[in-house]
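Hi,

Here is the structure I promised to pass on. Have a look at it first, and my notes follow below.

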Amino acid sequence: RNIAAHFLAGAKDRNFFQPMLSPFITYRLEKDYRVGPIHISMSRKSRSRLKGNLAEVLHLMNLANQTGKFIEYRLWNDIRDDMLNRDDIDVTPEITEQFMSLLSGPSRLGELLLRLHEVGVLDKLIVGMDHARCLLQFNSYHKYTVDEHSIRAVTRATQFASREDELGRVYRSINDLSL
């Protein structure tokens, strides 16, 4: 599924007019980020800051979540290539703070966690997630692996925010969703 999704995203033709219209339909955010109608991206010079810098990657994901935009395919591909080849990521207080901030903004949390899991970063941030990766439950009740089930559960829980019933009101009343 991931391979097909990456192939499709990379194969899509870019709009011919996009480079010309880009300065008029995008705006800068925090100096290095550019937010367009659909995507958030970075200039080529600024992308080097993401190399091996998980705190900066999580910050980008937080901005994508806050703005409701997707991370540009080529930028995410650079992040994915870098993170998949790293074993030297130490979880610092800054990384923990960025991750907790991501958890407290539920709008697209499931999708973002899936992306972090895809590149192996979630294994470093959540104790036991490496063990849960592709772990099967051998009975007729479980059709997903433990890791996929966990991310789907988070995705489903964040959908409570848009419900208009009691469950939605209770969910919205929670002050700190990162706990």
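Before the layout, a word on terms: helices (H or I, at least four residues) and strands (E, at least two) are DSSP runs, numbered from the N terminus. Keep in mind that this is a predicted model, where local features need pLDDT of at least 70, side-chain atom pairs count only at pLDDT 80 or more, and totals for chains, interfaces and linings use all residues. Residues are numbered from 1 along each chain as its sequence is written, and side-chain values use heavy atoms, with hydrogens and water left out.

**Overall**

Along the sequence, the protein chain reads α-α-β-β-β-α-β-α-α-α-α-α-α-α, which comes to 10 helices and four strands. Of its 179 residues, 35% are buried (under 20% relative accessible area; exposed is over 50%, and partly exposed lies in between, with a 1.4 Å probe and protein chains only). The chain exposes about 11600 Å², and carbon and sulfur atoms supply 56% of that; the areas come from the Shrake-Rupley method with a 1.4 Å probe, and for residues only the protein chains shown count as cover. As for contacts (heavy atoms within 4.5 Å), take those with a separation of 6 or more: 59% of them in the protein chain are between residues 24 or more positions apart.

**The sheet**

The four strands form an open sheet in the order S1-S2-S3-S4, with mixed pairing; two strands pair if DSSP finds at least two bridges between them. S1 (27-29) and S4 (70-71) are the edge strands, each with a single partner, so one side of each has no neighbour in the sheet. Helix H3 (residues 54-67) packs on the sheet and touches S1, S2, S3 and S4, with its direction at about 20 degrees to that of S2. For such values, axes are lines fitted to C-alpha atoms, for helices over the stretch in contact, and angles run from 0 to 180 degrees between N-to-C directions.

Tyr33 has Met42 in S3 as its bridge partner, while Val35 has Ile40. Ile40 also stands opposite Ile71 in S4. S3 and S4 run parallel and are joined by two bridges.

**H6 against H9**

The helix pair I looked at is H6 with H9 (residues 146-158), packed at an angle of about 155 degrees with axes 8 Å apart. H6 and H9 are therefore roughly antiparallel (over 145 degrees; under 35 is roughly parallel, 65 to 115 roughly perpendicular, and the rest oblique). On the H6 side, the contact is made by Leu109, Gly110, Glu111, Leu113, Leu114 and His117; on the H9 side, by Asp147, Ile151, Val154, Thr155 and Thr158.

Two of these H6 residues are worth a click. Is His117 buried or exposed? His117, in helix H6 (residues 109-118), is buried, with a relative accessible area of 7%. Beyond its neighbours within four places in sequence, His117 is in contact with Leu122, Asp123, Met129, Arg133, Asp147 and Ile151. Leu114, also found in H6, counts as partly exposed at 32% relative accessibility. Leu114 and Asp147 are 33 residues apart in sequence, with their C-alpha atoms 9.4 Å apart in space.

Cheers
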